[in-house]
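Here's a quick tour for anyone meeting this protein for the first time. Take a look at the sequence and the model, then read on.

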Amino acid sequence: NHVVGLGNVCRALTVFVAVANATGPNLNNETFGAAMDTLGDFELPGYGSASLEAGKDGAQDNLTLWTYDPENAESDNGLVQVEG
C-alpha cells in the first residue's frame, strides 16, 4: 500500500509547484521565500483548502479524518473520508 507515501510526496510537490509558480521568472531562495509568505489559498490533494502566509507553520487549513472500510479496500484502499 503506497497511499501514504504517494500522498505525502504529492502534497509536498503541490506546495512547491504553487510557490514556484508564484515567484515568477526569477526562481531563487529569496523569491521563493517571498512567494511562500504571500501565496494565500490553494488546493492541497487529499486535504482540500490550504494556504501559506508569513508566520504560518504549515499549509493545511482543515483537519481531515479517514476511516477504514474493508468493503472499499480494493477500489479505494479501504479509506473513506469522514464528513462533518
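## Layout

Helices (H or I, at least four residues) and strands (E, at least two) are DSSP runs, numbered from the N terminus. With that in hand, the order along the sequence reads α-α-β-β-β-α-β, which comes to three helices and four strands.

A word on the source: this is a predicted model, where local features need pLDDT of at least 70, side-chain atom pairs count only at pLDDT 80 or more, and totals for chains, interfaces and linings use all residues. Residues are numbered from 1 along each chain as its sequence is written, and side-chain values use heavy atoms, with hydrogens and water left out.

## Overall shape

How does the protein's radius of gyration compare with that of a compact globule of 84 residues? The globule would be near 12 Å, while the protein has 16 Å. (This radius is taken over C-alpha atoms, and the globule rule is 2.2 Å times the number of residues to the power 0.38.) Along the principal axes, the C-alpha atoms fill a box of roughly 50 × 25 × 15 Å.

## The core

Now for the inside. A nonpolar core here is a set of buried Ala, Val, Leu, Ile, Met, Phe, Trp, Tyr and Cys residues joined through side-chain atoms within 4.5 Å. The largest one has 10 residues, among them Val15, Val19, Leu39, Phe42 and Leu52. Helix H1 (3–23), strand E1 (40–44) and strand E2 (48–52) each give two or more residues to this core, and H1 gives the most, with three.

Setting aside neighbours within four places in sequence, Leu52 is in contact (heavy atoms within 4.5 Å) with Val15, Val19, Met36, Asp37, Thr38, Leu39, Gly40, Phe42, Gly58 and Ala59.

## A charged pair

Side chains of opposite charge can pair when their charged atoms come close. The structure holds one salt bridge, that is, a side-chain nitrogen of Lys or Arg within 4 Å of a carboxyl oxygen of Asp or Glu. Which residues form the salt bridge? Lys56 and Asp61 do, with their closest N and O atoms 2.4 Å apart. Lys56 counts as partly exposed because its relative accessibility is 28%, and Asp61 is partly exposed too, at 35%.

Key:
Buried means under 20% relative accessible area, exposed over 50%, partly exposed in between (1.4 Å probe, protein chains only).
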